[in-house]
Amino acid sequence: MKALVIVDTQNDFCPGGALGTADGDRVAAAIAEVVARGAGGCEHVVATQDWHIDPGSHFAENPDFVHTWPVHCRADTEGAAMHPALADAAVEEYFHKGQYDDGYSGFSGTTPDGGQDLEAWLRAHDVTQVDVCGIATDFCVRATALDALERGFSVRVLTSLCSPVSEEGGAAAIEEMRAAGAEII
Ligand SMILES: [Zn+2]
């Protein structure tokens, strides 16, 4: 089985948000279209959400935009909500991450009730392949794809459905994911 993993396509990571990436709106709309048309053959569709409560040094007054960030995606706020284009998308399950840490990888996420983590959910649904897309290419998409590879999933990164913080960072992350064994689409 194959799953589409939509990473952090949330308001705060899109234009107008606390940490908006330039391509966020376009990518959110494009992902919604792919999901509506059968998710590229994926039997399952899940989404991760950055969901900060008290993430420590992840937030900073003078962020460096590498290790520290302006306040974003506070749990249960509009900024942490999915982009409106994806509000009604057929997502089977959401995984919240970063409550008390950076939470870059979707694999650190759990269902909203905290009951199941992403890997357990995927295994319970016989998923062996994941298509990864979302925001941001150079941070949470990267961390999620690398973690998926490490856990033995076969991974494709759908680059036309990804938005980076910076172009250079996104390009470097794509090469890193490719070198680690991801198929870059
Ligand atoms: Zn964050």
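Modeller: A residue is buried under 20% relative accessible area, exposed over 50%, and partly exposed in between, with a 1.4 Å probe and protein chains only. Helices (H or I, at least four residues) and strands (E, at least two) are DSSP runs numbered from the N terminus. This model is predicted: local features need pLDDT of at least 70 and side-chain atom pairs 80 or more, while totals for chains, interfaces and linings use all residues. Residues are numbered from 1 along each chain as its sequence is written, and side-chain values use heavy atoms, without hydrogens and water.

Colleague: How many residues of helix α3 (residues 137-150) are buried?

Modeller: The count is 12 of 14, so α3 is largely enclosed by the rest of the structure. Among the buried residues are Phe139, Cys140 and Leu146. Their cover, judged by contact (heavy atoms within 4.5 Å), includes β1 (2-7), β4 (129-135) and α4 (167-179).

Colleague: At what angle do α3 and α4 pack?

Modeller: Axes are lines fitted to C-alpha atoms, for helices over the stretch in contact, and angles run from 0 to 180 degrees between N-to-C directions. Here the angle is about 5 degrees, with the axes 9 Å apart.

Colleague: Which residues coordinate the zinc ion?

Modeller: Donors are N, O and S atoms within 2.8 Å of the metal (3.2 Å for Na, K and Ca); water is not among the atoms, so sites may look incomplete. The zinc ion is coordinated by Asp50 (OD), His52 (NE2), His58 (NE2) and His72 (NE2), at 2.1 to 2.2 Å. His52 is buried, at 1% relative accessibility, as is His58, at 2%.
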